[in-house]
Number of protein chains: 2
Amino acid sequence: MRIGELSRETGVAVPTIKFYVREGLLPAGRLTSPNQASYDDGHVRRLRLIRGLIDVGGLSVATVREVLTAVDAPGGSVHKVLGAAHDAITPVPTGRPEGLPEARRTVAELLRRRGWRAEADHPAAEAMAVALAAFQDLGQGAFVEVLDDYAEACERVADADLAYVGRHADVEELVESVVVGTVLGDAVLTALRRLAHVDRSARRYEQHGGGPVAGGGAGAGVTEGGADPS
Amino acid sequence: MRIGELSRETGVAVPTIKFYVREGLLPAGRLTSPNQASYDDGHVRRLRLIRGLIDVGGLSVATVREVLTAVDAPGGSVHKVLGAAHDAITPVPTGRPEGLPEARRTVAELLRRRGWRAEADHPAAEAMAVALAAFQDLGQGAFVEVLDDYAEACERVADADLAYVGRHADVEELVESVVVGTVLGDAVLTALRRLAHVDRSARRYEQHGGGPVAGGGAGAGVTEGGADPS
């Protein structure tokens with residue numbers, strides 16, 4: 001197909017397609033004459049992947065390039081592609097909170113307690129330690145007590161993710177499912193966490209007959225109507 | 001305390017503190033002479049909250065301002081602050097995938113099936129529908145089959161979050177715990193999801209004695225050594 005048809009098929013404007021080719025995200029079309037190129041279904045598929053990562057995953061063009069480089073690397077394993085995709089989308093924390101060494105110990109203990117086969121110096125472990133140290137700095141150190149609940153929830157999610165990835169028979173499909181599942185899966189998970197908050201908050205609210213929306217315990221000091229002085 | 005002491009106490013540079021005051025993130029100090037201001041523990045606390053949201057939460061100055069406006073609004077409920085904090089940090093999907101109407105129905109059905117008291121037109125539900133439609137566009141429509149696993153995991157997380165928020169007796173602490181827990185909680189959750197992937201992937205890898213890292217089923221076509229032609 002010509003570039004106009006590729007554009008109609010994917011809903012991506014021609015100048016944008018040309019931009020992706022120049023930026024190395026999309027392979028160039030096959031030249032059929034000095035200034036005419038031909039595109040195939042592989043281009044349609046890759047273009048949809050690019051748009052999904054940018055529009056829904058919120059990735060930058062540079063990050064998409066990193067992810068696709070990992071996808072296209074010869075001999076790439078699911079493990080490696082999964083790692084590259086997640087590294088690319090995990091924001092590197094810029095802060096150096098005071099309690100970082102202690103937070104790193106907390107993460108290492110959690111990994112040991114759960115029996116997870118993940119290194120304590122993994123980038124995600126470091127990102128988590130920075131977040132925990134920030135909780136501590138903000139006087140929210142007790143948050144560590146909910147970590148096992150979070151970990152159990154993530155075991156369930158990871159089991160579902162791996163089972164989902166494992167069902168793909170086609171190699172390219174499998175690799176794409178890892179990338180898409182990693183990037184868009186985060187979007188689905190945080191959206192669902194928010195909806196679950198709404199539900200749990202509504203349940204507490206109803207139970208208390210117009211009282212505090214959340215924090216039905218000792219902390220029920222903030223109400224719909226105004227700050228409760230108690 | 002003077003601005004120099006506030007800077008030492010929080011590790012935030014003096015020009016940055018002045019910038020936050022100009023931008024309306026931090027209340028100005030109390031003037032003790034025409035060009036001398038005094039700061040208190042409230043400033044230390046607020047400054048730590050600002051740094052946590054920016055450095056670890058990855059929020060922009062404009063987004064931090066939105067969140068703090070919700071925190072400081074008189075009569076703000078936990079429910080409202082939670083909503084404002086999450087709205088501020090939820091990236092608005094810019095894409096309009098083709099299968100959006102069907103994806104919206106999938107989300108509405110999920111909410112009904114789980115009995116969640118959340119509206120199907122909630123912004124988080126819309127963000128989720130856009131992500132699901134993108135999965136569909138990318139040929140990964142089967143992902144909807146893992147949604148109940150994700151939902152169950154999020155129920156567990158939300159229960160832990162609400163119980164954590166509810167333990168704060170002090171109103172300001174409670175509101176801060178909602179903001180911090182919403183923003184940094186996402187960072188912890190996605191980092192833990194990644195670590196759980198590493199663990200689950202490693203377990204499958206070990207089980208297969210050097211074989212495929214993940215996707216031990218029909219999809220085990222990508223190995224450490226190179227693409228498996230089977």
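**Notes on the two-chain model**

1. Let's start with a cysteine: A:Cys154 has a relative accessibility of 1%, so A:Cys154 counts as buried. Its counterpart B:Cys154 is buried too, and the relative accessible area there is 1%. Bear in mind throughout that this is a predicted model.

2. The cut-off here is 2.5 Å between the sulfur atoms. Over all chains, the disulfide count is zero.

3. On to the fold of chain A. Chain A has nine helices and two strands, and along the sequence they run α-α-β-β-α-α-α-α-α-α-α. Of its 230 residues, 53% count as buried. If you take the contacts in chain A between residues at least 6 apart in sequence, 55% of them join residues at least 24 apart.

4. For the strands, I looked at chain B. Strand E1 of chain B (residues 30-33) pairs with strand E2 of chain B (residues 36-38) in the antiparallel sense, over three bridges. Two residues sit between E1(B) and E2(B), and the two strands form a hairpin. If you want to find the pairing on screen, go to B:Arg30, whose bridge partner in E2(B) is B:Ser38.

5. Now the largest nonpolar core. It has 122 residues, and the ones with the most contacts inside it are A:Met128, A:Val188, B:Met128 and B:Val188. In chain B, this core takes at least three residues from domain 1 (3-88) and at least three from domain 2 (91-145).

6. What does A:Val188 touch in chain B? Setting aside residues up to four places away in sequence, A:Val188 touches B:Met128, B:Ala131, B:Leu132, B:Phe135, B:Phe143, B:Leu147 and B:Tyr150.

7. A:Phe143 and A:Tyr150 are both buried.

8. Another edge-to-face pair is A:Tyr164 with B:Phe143, with centres 5.7 Å apart and planes at 90°. A:Tyr164 belongs to helix H8 of chain A (residues 147-166), while B:Phe143 is in the loop between helix H7 (123-137) and helix H8 (147-166) of chain B, so the pair joins two chains. Both partners are out of the way of solvent by the numbers: A:Tyr164 is buried at 4% relative accessibility, and B:Phe143 is buried at 1%. Ring pairs also link A:Phe135, A:Phe143, A:Tyr150 and B:Tyr164 into a cluster.

9. Last one: A:Arg48, in helix H3 of chain A (residues 41-56). Along the chain, A:Arg48 and A:Val12 are 36 residues apart, and their C-alpha atoms are separated by 8.9 Å.

Technical notes
Residues are numbered from 1 along each chain as its sequence is written. Chains are lettered from A and ligands numbered from 1 in the order in which they are written. This is a predicted model: local features need pLDDT of at least 70, side-chain atom pairs count only at pLDDT 80 or more; totals for chains, interfaces and linings use all residues. Side-chain values use heavy atoms; hydrogens and water are left out. A nonpolar core is a set of buried Ala, Val, Leu, Ile, Met, Phe, Trp, Tyr and Cys residues joined through side-chain atoms within 4.5 Å. Buried means under 20% relative accessible area, exposed over 50%, partly exposed in between (1.4 Å probe, protein chains only). Domain bounds come from an automatic or database domain assignment. Contact means heavy atoms within 4.5 Å. Two strands pair if DSSP finds at least two bridges between them. Helices (H or I, at least four residues) and strands (E, at least two) are DSSP runs, numbered from the N terminus. Rings of Phe, Tyr and Trp (its six-membered ring) pair if their centres lie within 6.5 Å; planes under 30 degrees apart count as stacked, over 60 as edge-to-face and the rest as tilted.
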